[in-house]
Amino acid sequence: SSSGSKEKEKTLAMIKPDGLLGNYTERIKDVIVDYGFSILREITTQLDQDSASRFYAEHSSKRFFPSLIKYMTSGPVLVMVLEKENAIADWRTLIGPTDAIRAMCGQDLEKNCVHGSDSRLSAQREISFFFEDVSSGERITTHDEL
Ligand code: RTP
Ligand code: MG
């Protein structure tokens, strides 16, 4: 339809290793559901050097890249596909510097507990990075062998 803003949108959310380690998962999910997101997919997985480097490829030339990869591979992450109207921007707002979620569990500039896709292009790339087919609205939870 032409009223694009009312269409549901999908974004990729990730609870990073410090978030899982700090047992923030249930509190973060409560915030997610309270704000009207549906959790369409969920996987707990351990990123390795290669997958973390590919996921954050846009930062490969940054000074903080080696430290970011070390952090992101330091333990399992919980990756989710969230859906709602305006999901990409709303999730970024919710986790952002002044928000509920990073304020609740972030430690510093690097160890900030959660990830969110920053655009439609990123959301598409990042959702297919972890999940094969998200066209069915059915909720599916999986766990990699860690
Ligand atoms: P994310 O991609 O994880 O959702 O975070 P973001 O958009 O808010 O930040 P981005 O610029 O994409 O950076 C990716 C992640 O790299 C780490 N970082 N460390 N030490 C530093 O200066 C620094 N800057 C960024 C953070 O973990 C950040 O989330
Ligand atoms: Mg980013």
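Visitor: Which residue in S3 is the bridge partner of threonine 45?
Guide: This is a predicted model, in which local features need pLDDT of at least 70 and side-chain atom pairs count only at pLDDT 80 or more, whereas totals for chains, interfaces and linings use all residues. Residues are numbered from 1 along each chain as its sequence is written, while chains are lettered from A and ligands numbered from 1 in the order in which they are written. Strands (DSSP E runs of at least two residues) and helices (H or I, at least four) are numbered from the N terminus. In S3, threonine 45 has as its bridge partner valine 77.

Visitor: Over how many bridges do strands S2 and S3 pair?
Guide: Two strands count as paired if DSSP finds at least two bridges between them. Strand S2 (residues 38-45) and strand S3 (residues 77-85) run in the antiparallel sense, and the number of bridges over which they pair is seven.

Visitor: What is the order of the strands in the open sheet?
Guide: The sheet is open, with five strands in mixed pairing. Strand S4 (114-116) and strand S5 (140-143) each pair on one side only, as edge strands, and the twist from one strand to the next averages 15°. The order is S4-S1-S3-S2-S5.

Visitor: Which strands does helix H7 touch where it packs on the sheet?
Guide: Helix H7 (residues 120-130) makes about 60° with the direction of S1 (8-15), where axes are lines fitted to C-alpha atoms, for helices over the stretch in contact, and angles run from 0 to 180 degrees between N-to-C directions. Contact here requires that two C-beta atoms, placed from the backbone, lie within 7 Å. The strands that H7 touches are S1, S2 and S3.

Visitor: Why is S1 said to be largely enclosed by the rest of the structure?
Guide: S1 pairs in the antiparallel sense with S3 over eight bridges, and three bridges join S1 to S4, also antiparallel. A residue is buried if 20 or more other C-beta atoms, placed from the backbone, lie within 10 Å of its own, exposed if 12 or fewer, and partly exposed in between. S1 is described as largely enclosed because, of its eight residues, the number buried is six.

Visitor: Is histidine 115 buried or exposed?
Guide: Histidine 115 is found in strand S4, and UniProt, in an unreviewed entry, places the feature "active site" at His115; such annotations, given in the numbering used here with shortened feature names, may be inferred rather than shown by experiment. Leaving aside neighbours within four places in sequence, histidine 115 is in contact with Ala13, Met14 and Lys16. Since 21 other C-beta atoms lie within 10 Å, histidine 115 is buried.
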